[in-house]
Amino acid sequence: MRKPGFLLMYILLLTAQILLGVYCNFTSLFTLTLLPVMVLCIPIKRSTIFCMVAAFITGFLADFMQDGMLGISILALVPIGLMRKGIIQLVFGSEVFSRGEDISFRRQGIGKMALAIAMVTGIYLAIYIFVDCAGTMPRSFCFMRWIISLAGDTILGLFAADLLTKDELGRWR
Amino acid sequence: MPRNSKAFLPLITAAIFIAMEIAAVAMLKSSSTLQDVWLNRASHRIMGRLWSGGETVRNHFSLSKQNDALTEENFALRERLREYELAQEAAAEAGESAFMTGRRFTYIPATVVKMSRNSMHNYIILNKGSEDGVTTHSGIITNKGVVGIISAVDKHYSYGLTLMNTNVSVSSRVGRSGMVSPLIWDGKNSNRGVLKDIPLHYSIEPGDTVVTSGFSNIFPADIPVGITGETEIVYGSTSQTEVILFQEFGALRYVTIVKNPERDEISALEKREEER
């Protein structure tokens, strides 16, 4: 079955993120986010500047619609747009860029995908939690929140990444 | 042209990234009071550290000036102390009609321009000369002890022989009321001298303080020089005592020139008496 287009899936996931952010605030120890995975899965051919602009708009929309602190998601997400290429090169190797192929579970494997998702989510959460706590919470609490959120968001991110990445296996047969 | 634009791409990317982050921070500041206060506090802390760091660097580079100022202050204080000592001596003289030992010395601060340490006849050049009131046969001291004697004076500089010169001899006393004997350099170590020509019946214990005797018209009395070490008999007639000098010649930068304005008068009197 052919998956829907990237842009449509991106908008759907953003909507899901907004809804989850508004209605699924169970505990202050868990920050639910799909945004870093969405930025990671932007097609390879897109430039870093494009990714940063996409991250800025995505973060702005998420903050604006969730009625939270405007700017916090942008602050944490724009660095992911900047570092995305470096992380992809580090985890998947530079062949991805030379071939011009987008990342996918089938081609790169679940291990590497999980690692890349954990890296972007970890960076995003580190900035987000640091700014969100604003020195009012003990460091142990912030660290615990980061660990729990990273574990949960990485698992959720695997599903989100599966929805966003194209299955191009047939092209290479 | 495309090559140029490729070279500028990282700069443009960095500029866009910074602009977006600044925009995010601005939005955050306006939307949340807690984050606004926290960011303000963080920015004040960073600015405070930057300013204090800059101040530390500035202070480091002005250390030389501060040293000079402290040295000047030190000299002024030493001059005042000497005045008090003289006043005390005058009072003692008036009370006990003791013989005159206090002479009015003047102190001139100076910086070492050049100094040799690796020959038997070491010398020192100071940045004060005849225009500053320096005369030959003035003493050179520091707060750690005797350094040497001025032997030649130019307009702006003076040349002295240090204690690390085998031609220099300083009249010294062991303790405040002990035996007086000439102190010379041992010629081997930069921090060792020898008290010569000590009569055998004097016994000097190791650890006694050696000070200037004040008999030479060059140095005031009681300037610390060093502490005594081992004593040995020379040719069975006299003994000599090793002196560990307080002054470290390797770390010498600032000195004080001690001038005795009455020296010429005393020398003339001595000469007249010798001619008679």
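1. What share of the contacts in chain A with a separation of 6 or more comes from residues 24 or more positions apart? Such residues account for 74% of them, two residues being in contact if their C-beta atoms, placed from the backbone, lie within 7 Å.

2. This is a predicted model, in which local features need pLDDT of at least 70 and side-chain atom pairs count only at pLDDT 80 or more, while totals for chains, interfaces and linings use all residues. Residues are numbered from 1 along each chain as its sequence is written, and chains are lettered from A in the order in which they are written.

3. Chain A has 8 helices and 0 strands, where helices (H or I, at least four residues) and strands (E, at least two) are DSSP runs numbered from the N terminus.

4. In chain A, helix α4 (residues 72–92) and helix α6 (residues 105–133) have axes that come within 9 Å and cross at roughly 150°; axes are lines fitted to C-alpha atoms, for helices over the stretch in contact, and angles run from 0 to 180 degrees between N-to-C directions. The two helices α4(A) and α6(A) are therefore roughly antiparallel, a term for angles over 145 degrees. Their contact includes A:Leu75 and A:Met83 of α4(A) and A:Leu115 and A:Ile123 of α6(A).

5. Where chain B meets chain A, the contact takes 14 residues from chain B and 16 residues from chain A. On the chain B side, α1 (2–31) and α2 (33–61) each supply at least two residues, and the largest share, 10 residues, comes from α1(B).

Note on methods. Parallel < 35°, antiparallel > 145°, perpendicular 65-115°, else oblique.
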